[in-house]
Amino acid sequence: MSSSENVAKALLDIGAVKIQPDDPFTWASGIISPIYCDNRQIIGNVEARKEIVKYFVEKIEKISPDAEVVAGTSTAGIPHASFISDAMELPMSYVRGSKKKHGTGRLIEGASVKGKKVVLIEDLISTGGSSIEAAEILREEGAEVEIVLAIFSYQLEKAHDNFESSGFKYETLSDLDALLDVSIKENLLTKEERSEVVQFRDSL
Ligand SMILES: O=P(O)(O)OC[C@H]1O[C@H](OP(=O)(O)OP(=O)(O)O)[C@H](O)[C@@H]1O
Ligand SMILES: O=C(O)c1cc(=O)[nH]c(=O)[nH]1
């Protein structure tokens, strides 16, 4: 299996993926979806999270070997950024969803990102809106955002377009195509169910 399929299999094995056409999910963007990938489940499984961290570290070493800070998006990107920064012995920061209303009033916490090469860790990309917003906040603070890395992407054209116009690069460890391929191989999905999900994705 490819690394993308290995990650997809890990997500399936820990029960992170739910397909419920009759009881759909609402995504952060407001999109109503028959599928939901809950990457937050990964932190509850030591083997799965070690595997995910290993793939993230391999990618960072290849794409951004001079990275100086690992940053996480709020909230689901934060634990993964922590594991990665620990494995790579790099400083970490995270971007809040909104400015803290008391105390320091900060939007970015942890390591200073000013003038630093930063890799931004997100758990999942649907439209890309959340991660692009976090990347913009880092850029406004003077960071050099090397790349946005996420565990999973639905491969929406909208995400591709949004990233292109933002100027940020992104890559993911796995994606919907790999997830559906593995689901078919493991007899978790029929070909009809697969085409329903693909049709949904391509309609967005
Ligand atoms: O690419 P997008 O269309 O922006 O969607 C993906 C985002 O949505 C989810 O976050 P959510 O808002 O559910 O918050 P959480 O991370 O705090 O759980 C997910 O963790 C991504 O951050
Ligand atoms: O777009 C989202 O909000 C979203 C989709 C998904 O599958 N999983 C998730 O955590 N968020």
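Ser126 carries the feature "binding site" in an unreviewed UniProt entry; such positions are given in the numbering used here, feature names are shortened, and annotations may be inferred rather than shown by experiment. The structure is a predicted model, in which local features need pLDDT of at least 70, side-chain atom pairs count only at pLDDT 80 or more, and totals for chains, interfaces and linings use all residues. Residues are numbered from 1 along each chain as its sequence is written, while chains are lettered from A and ligands numbered from 1 in the order in which they are written.

**Ser126**
- Ser126 lies in the loop between E8 and H4; helices (H or I, at least four residues) and strands (E, at least two) are DSSP runs numbered from the N terminus.
- Ser126 is buried because 22 other C-beta atoms lie within 10 Å (buried means 20 or more such atoms within 10 Å of its own, with C-beta atoms placed from the backbone).
- Beyond its neighbours within four places in sequence, the contacts of Ser126 include Trp27, Ala28, Ser29 and Tyr154 (contact means C-beta atoms, placed from the backbone, within 7 Å).

**Ligand 1**
- Among the 14 residues around ligand 1, those that come nearest are Thr75, Ala76, Ser126, Thr127 and Ser130 (a residue is near a molecule if its C-beta atom, placed from the backbone, lies within 6 Å of it).
- Strand E8 (117-125) and helix H4 (129-140) each contribute at least two residues to this shell, and the largest share, four residues, belongs to E8.

**Ligand 2**
- The residues surrounding ligand 2 include Trp27, Ala28, Ser29 and Ser126.

Note on methods. Buried ≥ 20, exposed ≤ 12 C-beta atoms within 10 Å, placed from the backbone. Contact = placed C-beta atoms within 7 Å.
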